[in-house]
Amino acid sequence: MSNKLNRAMWMSLSLSLLCALPALAQETHVGKLTGHADAGKKNYQRWCIGCHGPFGDGNGENAPWIDPKPRDFTVATFKCRSTPTGTLPTDQDLYNSVARGFTNSNMPHWDALTKQTRIDLVAYIKTFSDRWKTDKPGDVLKIPTETPINIQSIAHGAELFQKLECWKCHGQQGRGDGPSASTLTDSKDNPIRPYNFAAGTDDSRFKCGTANEDIYKIFMTGVDGTPMPSFNDVIQPNDAWDLVHYLRTLQVNRHSKENEVLRAAGGKIPKIETPAAPPASQPAPQPDAKPQGGRK
Amino acid sequence: MHTRNVRGRRPEAARCAWSLVLFTLALFLVSTSPRAQAIPAFARKFGLPCSACHEAWPKLNNFGQVFKDNGYQLGNDKDAPIFHEPAYWPVSFRMTPNWHRENTDKVLVDQAASGVQSITTHGFDLSGLDILTAGTLNKNISFLMVPSADSTGAFHFESVWVRFDNLLKTSWLNVKMGKFELDNVFSEKRNLTLSNTGGPYQIYHYQPLTDVSAGTTPFGIGDNQLGLEVMGHSKNSYTRYSVSVLSSNDGNVGLPTGNSYDVFLAASQAFEAGGLGLQRVGGFAYLGQLPTVYPTSGGAPIPGAGQGYKGFQREGIYGMWYLKRLDITTMFTHNSESKYLATGAAADGSIPLPDNARDASWNGALIETHFTVNPRWILVNRYEAIRMSQQSDPTLPSNLGDIDALTFGTRYYPFMHSRDGFAIHPEYSILRTRGNFQNGAGPLQDSTTSSLFVGFDFIF
């Protein structure tokens, strides 16, 4: 009798755990916050469904009139990550994206929503793709301490801008008008424009943030779903910081330490010998390469 | 020199009869004033459904509050009109065809045997029309213009202002000038009730019966006012403040009263309570004054030349409490006004104060609950109580003019998208006023009015 009772208890416990598993799988964690997909669903219907659609495939009723198109959550490809290209982002990455919004798009910043609302939304967004059940987010990129901003760093960044052929898309002046710019498409074959650095002002943002660290992260992880590749395997961290410093000088209307340094140097970037070069075995990603990380 | 307030003192019976008429008129004016600002032009501009900014339109959620506080800008680089299709026209229209039933339990009727009868009217009707044009003239310069008509088509400007946003590159400094709604987070312009009795917030418009019968200028916190507002807010509008300097004319154009100015102060703080939602507490104060004496020309008062100013105050505190889908707003107000305003006396003595006259004061309490079933269905309930704490005439009953108002209803939105809005809106409201009815020399009696309202509320 006792054995039967024990067995029944264990079966009951096991069944309870099995039932609870899907709910647990739909939880999301950022710091002390725990997001719940069921709560997120209600919020999604209020704020997100118009663009991202009821199935999360980016086919909301507003999608036809929106450029760039809303994200398709069913393929689980995300632009702003702290993880390597092609991998899933962390919950923190998604949480940050919801709060920050995306500049030059219809996606506003949602930091007026409570933290709990945002983390619930993240939990629900992750239910649209089975990839979240099979894959884990990639390892978070380690960002080394920023190197000093000086004219040598800017000059080296300028060299890299040429060597890595950033100019092909972004243009020599960073205006987003390089020779390849008009041919670029995203992972859904929609035309996409490279970032226009020259339009930057004090309050302008990048797709994935505003700080130098964010720029560093953007080209070390790439912007998945777009032609912007990852340079993580191509350049060294110090080189990446040099490139960041140069890119800041392309924001000619922005007050920045980089522009101060450039002005102090007479406004001209000196030519210097570049010690670093992409290893032969790892050629620089082509600017007109297929969008990275796309899983159509 | 003559006074504008010629009624002075009257026999009590006539005074109460006039009170009823004027009170009813005031209520009518309030209830037919243009309503809420929910603007599909914004939804079309930004491609967001109504539910993004509205808990249930027209009631704002915090995202909508931030959007409003930021000068109708989302901050996603598409705010300035230069980035929009030239064909985009920031205009919306709102109107509500409806059926309504109104009842007043005591009306003086010549043909009634007792001289008093309950009167009920019902039928199909129209609301007023709001034409809402709003948006940005340039980045960080926003505007709102609302020509409004009553149900007969007579137009006036309900709201017109221009605002400079984010001055000195900070959200803490924004300056607006024109005619605008006072910075009421618990907004009457965005309320969820529409009936004649339940549409306006009594707590925002109440004036003592003696004040109404004295004919002093109507005033309401809920009325749009003319002036200049300086306001600021944190990025997420959790913390907000505003200071307004207003002409003392209750938003009426043409400077009809005097040259005095009022001040309105408001501040609130929101905080997160985990999964319960965003809670907010706040307070406001209105310090106003009105003339009691008017110079005349050829015997007629000269508009705008009022003198002998006497003061009035409105102070309130409120809390907006969210328990997931249930939210409760609580408000308490204390209000007072000069004995001159409360009795219609003139500061120069040309209409003397009644014997033993004193300042009038009253308190108001409100509790409004919403249950948001989902973004397309909301249940609404509101109870308001106003109690006189001091009559200007000590001989009057202490509860003269006290009111209790109860309103409940629901709004169902058959669809929710970014092009227009539509709600099916049934509502019932009832209002009891103490001692505002008198038949001849008979005793003061309570009266009750009620409204039943079913409307198709649409905006496009």
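Guide: With the word "element". Helices are DSSP runs of H or I with at least four residues, strands are DSSP runs of E with at least two, and both are numbered from the N terminus. By that rule, chain A has 11 helices and two strands. From the N terminus, the order in chain A is α-β-β-α-α-α-α-α-α-α-α-α-α. Chain B has seven helices and 22 strands.

Visitor: What should I know about the model and its labels?

Guide: This is a predicted model: local features need pLDDT of at least 70, side-chain atom pairs count only at pLDDT 80 or more, and totals for chains, interfaces and linings use all residues. Residues are numbered from 1 along each chain as its sequence is written, while chains are lettered from A and ligands numbered from 1 in the order in which they are written.

Visitor: What makes two residues of chain A and chain B count as in contact?

Guide: Their C-beta atoms, placed from the backbone, must lie within 7 Å. On that test, 25 residues of chain A are in contact with 25 residues of chain B. Helix 2 (37-47), helix 3 (49-52) and helix 5 (115-125) of chain A each supply at least two residues to the chain A side. The largest share, five residues, comes from helix 2 of chain A.

Visitor: Why are helix 2 and helix 5 of chain A called roughly perpendicular?

Guide: Take the axes as lines fitted to C-alpha atoms, for helices over the stretch in contact, with angles from 0 to 180 degrees between N-to-C directions. The two axes come within 7 Å and cross at roughly 100°. Angles under 35 degrees count as roughly parallel, over 145 as roughly antiparallel, 65 to 115 as roughly perpendicular and the rest as oblique. Helix 2 and helix 5 of chain A are therefore roughly perpendicular to each other. Helix 2 of chain A brings residues including A37(A), K41(A) and Y44(A), and helix 5 of chain A brings, among them, D120(A), L121(A) and Y124(A). By class, this contact has six nonpolar, three polar and two charged residues.

Visitor: Why is K169(B) called exposed?

Guide: A residue is buried if 20 or more other C-beta atoms, placed from the backbone, lie within 10 Å of its own, exposed if 12 or fewer, and partly exposed in between. K169(B) has 9 within 10 Å, so it is exposed. N356(B) has 10 such neighbours and also counts as exposed. By this count, 44% of the 296 residues of chain A are buried, and 50% of the 460 residues of chain B.

Visitor: What makes the phi of K169(B) and N356(B) worth a mention?

Guide: Most residues other than glycine have a negative phi, and most peptide bonds are trans. K169(B) has a positive phi of about 60°. K169(B) is in the loop between strand 8 (155-164) and strand 9 of chain B. N356(B) also has a positive phi, near 60°.

Visitor: Which peptide bonds are cis?

Guide: One joins D67(A) and P68(A), with omega about 0°. Another joins W57(B) and P58(B), with omega about 10°. P58(B) lies in the loop between strand 1 (54-56) and strand 2 (59-60) of chain B.

Visitor: How do you know that strand 9 and strand 10 of chain B pair?

Guide: Strands pair if DSSP finds at least two bridges between them. Seven bridges join strand 9 (residues 174-180) to strand 10 of chain B, and the two run antiparallel. F180(B) has Q225(B) as its bridge partner. Seven bridges also join strand 10 to strand 11 (residues 239-247) of chain B, again antiparallel. There, L228(B) is partnered by V245(B).

Visitor: Which face of strand 10 of chain B is covered?

Guide: The one with Q225(B), G227(B), E229(B), M231(B) and H233(B). L226(B), L228(B), V230(B) and G232(B) form the uncovered face.

Terms used: Nonpolar A, V, L, I, M, F, W, Y, C, P; charged D, E, K, R; others polar.
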